[in-house]
Amino acid sequence: MTPNWFAAVMGTGILAVVAAAFPAGVPVVRTASEVFWLIAVTLLVLLTTALVRHWIRRRDDALADARSHTMFPFYGAVSMAVLTVGAGTGSAGHALLGDVAVPASATLWTIGTGIGLVTYAVMARRLTRPHQVTPVPSWLMPVVPPMVSAASGSALVKHLPEGAPQIAMLVVCYSLFALALSAAVTVAVVVGRHLLSNGLPANPLVPTLWIPLGVIGQSVAAINLLGAASGHAWLHAVGVVYGTTVGALGVLALATVVTVTARAFRRGLTFTPSWWSFTFPVGTCALGANSLGLATDSVVIVGAGVTLWCALVVIWGTVAVHTLRHAAGRLGERGARDDSAAHAFSSAR
């Protein structure tokens, strides 16, 4: 069990979060948000259990993953999975959980933020040291969780007492936003320089090129959600200016990664767990578009968010089917090995 599988929780949970954020007039999405939230909760429980068992039963392998430049970044997915399910709990899960929804959401936010700050600190420390490994887009994974905390924390502000508690929460969220943005820009520059010098990564790693798109969408969502939660016109204006500028960059980035990915599929891109990298970034872009659209009172931008969400449903379904086939194939191989071993043992006797 490796932490990269938590990207499946992120990709599922973001469907619920975005659907719950849409205006009430958008049909069907309320039910869809609850369904995807329940699936995300189930996946989070199953994968967390599997990861804990992995650390208990195969501690050496788990430690090797934590020390690996390739696998450690995906511990950021663990944090973002918890945060995404937490955000969905307070929105999509509210009708099902009632008064328990907000405390549960706050608890998951606290846990996810704590894990994210740990992965952020570890990755930031590693970035300050000389490294002999190739910089890859997945290096963004451990430094982005504070941005997700900032976006999801904005929903908790209104549930706090007015005055100092709300102000303190806003300060924390804006600080998390700045922390994540500064590190993300640093990592993006390092990775971008490598890509410009050495070209695109190998075909199986092409899906990870979508990860920076997630940073763009999540940052637009975070700063506009925080602006709305603050109630201050100037913070609202900052969110609109940032969202409009970075959102335009996001459109170009989306067009670029779609083109690169289409070429990769023509070259025979086959399924790996990295395909889940297609999901969460699109979801954050949908959330960012919806947040910016509500901030600017633009039906067109909100419509773009709805369109992205619909595209994400198709992408999610495709990746989920391939994941189930992959899992079934692995179970079949394991069963065949067990039967072979049993036959060999029986023959020896």
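Helix 11, covering residues 279-296 of this predicted model, comprises 18 residues and extends 26 Å from its first C-alpha to its last. This reach is close to the expected 26 Å, where the expected span is 1.5 Å times one less than the number of residues. Helices are DSSP runs of H or I with at least four residues, numbered from the N terminus. Asp 297 follows helix 11 and has a positive phi, near 55 degrees.

Leu 225 lies in helix 9 (residues 211-230) and, at 27% relative accessibility, counts as partly exposed. Beyond neighbours within four places in sequence, Leu 225 is in contact (heavy atoms within 4.5 Å) with Ala 151, Ser 154 and Ser 291. Ser 154 is 71 residues from Leu 225 in sequence, yet the two are 6.1 Å apart in space, C-alpha to C-alpha.

A further contact joins helix 2 (residues 29-57) and helix 4 (residues 75-90), which pack at about 145 degrees with axes 10 Å apart. Axes are lines fitted to C-alpha atoms over the stretch in contact, and angles run from 0 to 180 degrees between N-to-C directions. Among the residues that meet are Trp 37, Leu 44 and Trp 55 in helix 2 and Tyr 75, Val 82 and Gly 88 in helix 4.

Residues are numbered from 1 along each chain as its sequence is written. In this predicted model, local features need pLDDT of at least 70, side-chain atom pairs count only at pLDDT 80 or more, totals for chains, interfaces and linings use all residues, and side-chain values use heavy atoms, with hydrogens and water left out.

Note on methods. Helices (H or I, at least four residues) and strands (E, at least two) are DSSP runs, numbered from the N terminus. Buried means under 20% relative accessible area, exposed over 50%, partly exposed in between (1.4 Å probe, protein chains only).
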